[in-house]
Amino acid sequence: MDELVPLNAPRAHPAPHLDLLGLLPPELEALVAVMGEAPYRARQLQSWLYARAARDIGSMTDLSNSFRRELAGRACIGRPALEACREDQGGEAAKFLFRLPDGERVESVLIYDGARRTACLSSQVGCGLGCTFCATARMGFRRQLTAGEIIGQLLEIGVVLRQRRERVTNVVLMGMGEPLLNLEAVLRSIQVMRLVPGPGIGGRRITVSTAGHVPGIHHLARARLNVGLAISLNATTDELRRQLMPIAHQYSIADLLGAAQDYFDVVGRRVTFEYVLMAGVNDSLEDAGRLGTLSRRVPCKLNLIPYNESGYDTPYRRPAAHWIQRFRAAVAAVSPVQTTVRDSHGRGIAAACGQLYQQHRSPRR
Ligand code: SAH
């Protein structure tokens with residue numbers, strides 16, 4: 001149970017606005033104990049928070065009035081408010097824009113893929129990594145999301161799906177922000193997703209996507225959460241990678257391959273290298289050959305993501321469909337590694353979180 005011990009466990013005198021969302025079962029138990037209530041109250045609370053997705057303490061009708069009143073004096077449910085929800089034209093995805101209690105905004109995407117319902121969640125407001133092709137980078141880093149705000153996105157998507165008698169089956173932390181630079185909240189939110197019956201999503205169906213923060217990869221591997229890892233490679237030479245992704249000044253491609261091997265050794269799961277295809281930038285047949293060669297050096301899979309241009313002003317372009325297939329074939333010619341192309345429009349937007357936010361803010365400029 002060691003890894004569940006919280007850093008901000010409720011103390012005898014908790015802060016008045018402790019967020020109940022994101023608290024792990026032992027923490028809820030500690031909270032109700034401090035209030036002199038029986039342990040089963042913690043399970044009731046958990047069910048209200050996660051299975052029934054309650055938005056306020058007052059609505060928890062099977063708890064006594066006095067308990068609810070006292071609880072409301074100590075804690076809140078910091079659910080982000082859903083401000084906009086838009087279905088993608090093809091019906092393959094829906095985008096959600098949330099407003100946080102301090103007025104900041106983040107977005108999530110729900111992707112429909114066969115029977116799969118994948119929620120693509122944000123981990124930070126904005127992002128400080130400055131990748132030149134990314135819409136979120138334009139916001140700069142604004143703040144970390146709390147575990148409750150990460151879980152809150154998932155709960156809100158769950159509410160929309162429940163109206164259609166469906167549920168979220170998979171989670172990717174691939175929205176706004178760099179999850180491995182908000183590790184504490186990200187690990188906590190994953191623990192909640194895995195442990196609590198409401199979201200109830202196993203580690204195998206959760207994937208964390210990183211721009212390549214090597215110490216964070218080692219840390220995630222050792223958190224024993226069994227989640228999938230995706231690393232945004234996006235270039236096959238360190239020189240080009242440094243131009244596209246400033247984090248490449250800190251960690252080389254060789255460092256990333258080392259981290260991918262370590263992840264496999266510790267967790268037993270192959271990492272996925274994501275490669276956003278940008279015409280004339282990183283899509284030459286030489287790039288394809290180098291990508292194939294790189295992929296043979298560690299246990300991995302490849303995911304080619306055609307660049308998504310929609311929604312904001314960008315100099316980068318998506319390669320033509322026939323060229324994407326040619327690139328893929330050139331990779332396959334040197335590598336047996338499983339290579340998928342995320343080619344539909346709906347799935348494209350998932351890889352381009354930050355774009356709904358850009359659209360929302362532009363009218364006010
Ligand atoms: N910071 C993390 C997660 C957020 S970005 C990371 O870098 O992995 C999620 C993925 O979207 C990354 O692979 C990134 O390279 C990709 N991406 C960003 N902007 C994109 C765009 N306009 N089109 C396609 N993919 C994009």
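In what order do the strands of the open sheet run, and what is their pairing? Here are a few notes to read beside the model.

1. The order is β3-β4-β5-β6-β9-β10-β11-β12-β13-β14, 10 strands in an open sheet with mixed pairing (two strands pair if DSSP finds at least two bridges between them). At the edges sit β3 (81–87) and β14, each of which pairs on one side only. On average, neighbouring strands of this sheet are turned by 20 degrees against each other, direction ignored.

2. A word on the source: this is a predicted model, where local features need pLDDT of at least 70 and side-chain atom pairs count only at pLDDT 80 or more, while totals for chains, interfaces and linings use all residues. Residues are numbered from 1 along each chain as its sequence is written, and side-chain values use heavy atoms, with hydrogens and water left out.

3. Overall, the protein has 12 helices and 14 strands; these are DSSP runs numbered from the N terminus (helices H or I, at least four residues; strands E, at least two). Of its 365 residues, 58% count as buried (under 20% relative accessible area, with exposed meaning over 50% and partly exposed in between; 1.4 Å probe, protein chains only). Among contacts with a separation of 6 or more, 67% come from residues 24 or more positions apart (contact means heavy atoms within 4.5 Å).

4. Helix α10 (residues 321–334) deserves a look. Its 14 residues should span 20 Å at 1.5 Å a residue, and the end C-alpha atoms are 21 Å apart, which agrees (the expected span is 1.5 Å times one less than the number of residues). The buried residues of α10 are I324, F327 and V331. Down the axis they fall within an arc of 60 degrees, so they line one face of the helix (the arc is that of the directions from the helix axis to the C-beta atoms). The face turned away from this buried side carries the exposed residues H322 and A333.

5. What do the buried residues of α10 pack against? Their partners are β12 (271–277), α9 (285–295), β13 (300–306) and β14 (339–341). Of these, β13 and β14 run parallel and are joined by three bridges; L304 has V341 in β14 as its bridge partner.

6. Finally, please check L154 in helix α4 (residues 147–162). L154 counts as buried because its relative accessibility is 5%. C120 lies 34 residues from L154 in sequence, and the two are 8.7 Å apart in space, C-alpha to C-alpha.

Key:
Axes fitted to C-alpha atoms, helices over the stretch in contact; angles between N-to-C directions.
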